[in-house]
Amino acid sequence: MPPPKDVVKIAIQMVGANPQLIDLQQTKPLASVLKDVCDTWSLPNAERYALQYADGRQTYITESNRRDIKNGSILRLTTSPDQEAERLYIGIQSKNVDVKTDSLKKLASLSQDVTFAQEFISRNGLKQIYSIVEEGNDTGEMLAHTLKAFTELMEHDFVSWENLSTVFIKKIVSYVNMNAVDASIQQLSLSVLENMVPTSRLLFELVRKEVTLDRLLTHLQATNAELQLKAMALLIALLLSATDAERRDMMDCLREKNLRQFIHKNIIHSSEPLGDEMAHYLYVLQSVSLNLCEHRMKTSMDPYSQEQRDLLQSLRQTAFESESEVPTGSFSTERRRSLCAKEFRKLGFMNNSNPAEDLRRAPPGLLALDNMVYFSRNTPNAYSRFVLENSSREDKHECPFARSSIQLTLILCEILHIGEPCSETAQAFYPMFFGQDHFFEELFCICIQLVNKTWKEMRATQEDFNKVMQVVREQITRTLSLKPTSLELFKTRVNTLNYSEILKLRQTERLHQEETLAVPVLELREKLKPELLELIRQQRLLHLCEGTLFRKISSRRRQDKLWYCRLSPNHKVLHYGDVEEGEQSPPIESLPEKIPVADMKMLLVGKECPHTKEKSSGKQNKDVLELAFSIVHDVEEYCLNFIAPTRYEFCLWTDGLNVLLGKEMTSERTQTDLDVLLSMELKLRLLDLENISIPDNPPPIPKPPSNLNFCYDFSHAEQ
């Protein structure tokens, strides 16, 4: 018979004593439970003791978290948080170096617990940590423990970062700027500054002033991967906290220091695999850099701006100045205006008498003008060839350079997500972005020539403009999906993917769709579905058995504690627990927490999850909502909250959990996988029917012939 819902069976350990096996009454006050435990071991002063988990993070048990205790949990009787906080508060002030070091080490470990942290901070413990750092007498291991403890204590948000003194901050900065400092101390110092920067404008300005970009670049060039990662984290924090003008200045400075080339050569193409955290930072760096184009993209052309008009005129002059032997100054005003209008029409402007009107649409706004000017100045031969080649064609067959450039700029902005906020979890970046300083402009130069090439291949007229641009968009997106490592490789691949190749791909997809829509084929699909859905279910459960590394995303920063979750091989228990950075696939025995599958009640996703509701007061990030899911378990409806590292993992986990709950798999990945498997299975089964049309109705079955008497009478043989 199962125990009542308010009773959990647990073991309690104590050093030097036999463990106690007790039925913990959840309705009984914790102080009374402790009194009973201490009485069994004949311990006086029960108020000096507390219970904590024996495994994992060894969290203290309090009235607020006692409901998280599961059947079979192992607890330990230990000193109460207030007693331990008092002891360590005294210990870190000791004159004995060994006592002080041990106290700081223990403090760094216990500070992860919110109950202990509250007790220690209430004793003004942070003031002692400030003193240790500000005096600067302690170095090496002792300082590392101090910085680790400080970081953990600040994680709980009991104290504002703005309360830090300038002396303390400058001391932390000095560890970053000094050469003769242990790498672990520099890593912790960089981490402290990274957490500090987003919290206050004053702190951002102080850190930006004290930690130069040159110094950060020095750390980025270190061989220590962890130090490199922390330096990149601080750089990203500074960029995200800066104003648009400051961000532009910083990016200009980084361009002068050849940061992109260094990243391309020594991080992306390093012999070591790129970690998830670094991949995210590279994505953010790419996004921040591309978003510098947002202002120009959203700014319409001002026809009264002399600077903008000069840029527009430079396009005409570059293309046609060699054509006219007679200087335009000798023409009358009307003649000059007529000539200019004719040349702007040849350039492909819709409103040739006032071409500025074409650039009033925003987006792409002035960004389209910038791209055209860049193309004309940096590849003048290609620009002149484009314009003059189309000038010699019939009017209806000429490819309009300006109109194409405006539309192409808009397409590139949409594909590269310019103007969109950075995702908190995305890791998708283009390696070729870091191999080129003027990436967006150079990409435009390649693609505008692709437009002309595709126009000729399609033998397009003005009426086909939108069709041509759709093909160009498809060429660009298909090529970018291959993740080319350089612009040269992108150029080669996108030019190989010509119009005839696009037609072949479209025809293949269309034929495949037509084949799969025949009535007999649809009937066969329905027969195959159950078997293939079972195959997908097994794959999902297998993925859950292998497990996944999840991150606990805090409100202040992306990187936080790591934890691992996996399903037992018999599919009966979910095991989970905290793990250290770099631990990829911990054995199931090392994961202390567990949830029986039988206790799982339901699956919540997105906005329904309690951990997304908790953060609703702040600015909610859409991508975090798309990756959030929770398991509701036990009668009391506790929740285990997840934020998947990728959408792919989200789909696999939610599908697997739905399978365990006996429900249908609902993710978009299920439909994708089912379509792929059905397509493969159908192709295999229909191989013999290639080039044979399948009728909608089966052929009629003929009547049996009159002489159909093949039955042999065995009764005669027996006689």
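The following dialogue discusses how to read selected features of a predicted model.

Colleague: Let us begin with the overall division of the chain. Which domains does the assignment give?

Modeller: The assignment gives domain 1 (7–79), domain 2 (83–270), domain 3 (298–321 + 335–509) and domain 4 (531–671). The centres of domain 1 and domain 4, taken over C-alpha atoms, are separated by 29 Å. Between these two domains, five residues of domain 1 are in contact with 10 residues of domain 4.

Colleague: How should I read the packing of two helices, and at what angle do α20 and α22 pack?

Modeller: Helix α20 (residues 401–415) packs against helix α22 (residues 465–480) at an angle of about 35 degrees, and their axes lie 11 Å apart. The crossing of the two helices is right-handed. From α20, the contact is made by R403, S404, Q407, L408, I411, L412, E414 and I415; from α22, by F465, M469, V472, R473, I476, T477 and L480. By class, this contact has nine nonpolar, three polar and three charged residues.

Colleague: V468 is also found in α22. Is V468 buried or exposed?

Modeller: V468 has a relative accessible area of 0%, so it is buried, the cut-off being under 20%. Not counting residues up to four places away in sequence, V468 touches V451, T454, W455, M458 and A460. The C-alpha atom of V468 is 14 Å from that of L497, a residue 29 places away along the chain.

Colleague: Turning to strands, which strands pair with β7?

Modeller: Strand β6 (residues 562–567) pairs with β7 in the antiparallel sense over six bridges. Four bridges join β7 to strand β8 (residues 593–596), again antiparallel.

Colleague: Where should I look for cis peptide bonds?

Modeller: Most peptide bonds are trans. Here the bond from A362 to P363 is cis, with omega near -5 degrees, and a cis bond with omega of about 10 degrees joins P363 and P364. P363 is found in the loop between α17 (333–346) and α18 (366–378), and P364 lies in that loop as well.

Colleague: Finally, in what order do the strands of the open sheet stand?

Modeller: The order is β9-β10-β11, with antiparallel pairing. The edge strands, each pairing on one side only, are β9 (600–605) and β11 (638–643). On average, neighbouring strands of this sheet are turned by 20 degrees against each other, direction ignored. Five bridges join β9 to β10 (residues 628–633), and M600 has H633 as its bridge partner in β10. Helix α28 (residues 647–660) packs on the sheet and touches β9, β10 and β11; its direction makes about 155 degrees with that of β9.

Terms used. Residues numbered from 1 in each chain as written. Predicted model: local features only at pLDDT ≥ 70, side-chain atom pairs only at ≥ 80, totals over all residues. Heavy atoms only, no water. Pairing = 2+ DSSP bridges. Axes fitted to C-alpha atoms, helices over the stretch in contact; angles between N-to-C directions. Contact = heavy atoms within 4.5 Å. Left-handed = near helix turned anticlockwise from the far one by under 90°. Nonpolar A, V, L, I, M, F, W, Y, C, P; charged D, E, K, R; others polar. Buried < 20%, exposed > 50% of the residue type's maximum accessible area, 1.4 Å probe, protein only. Domains from an automatic or database assignment.
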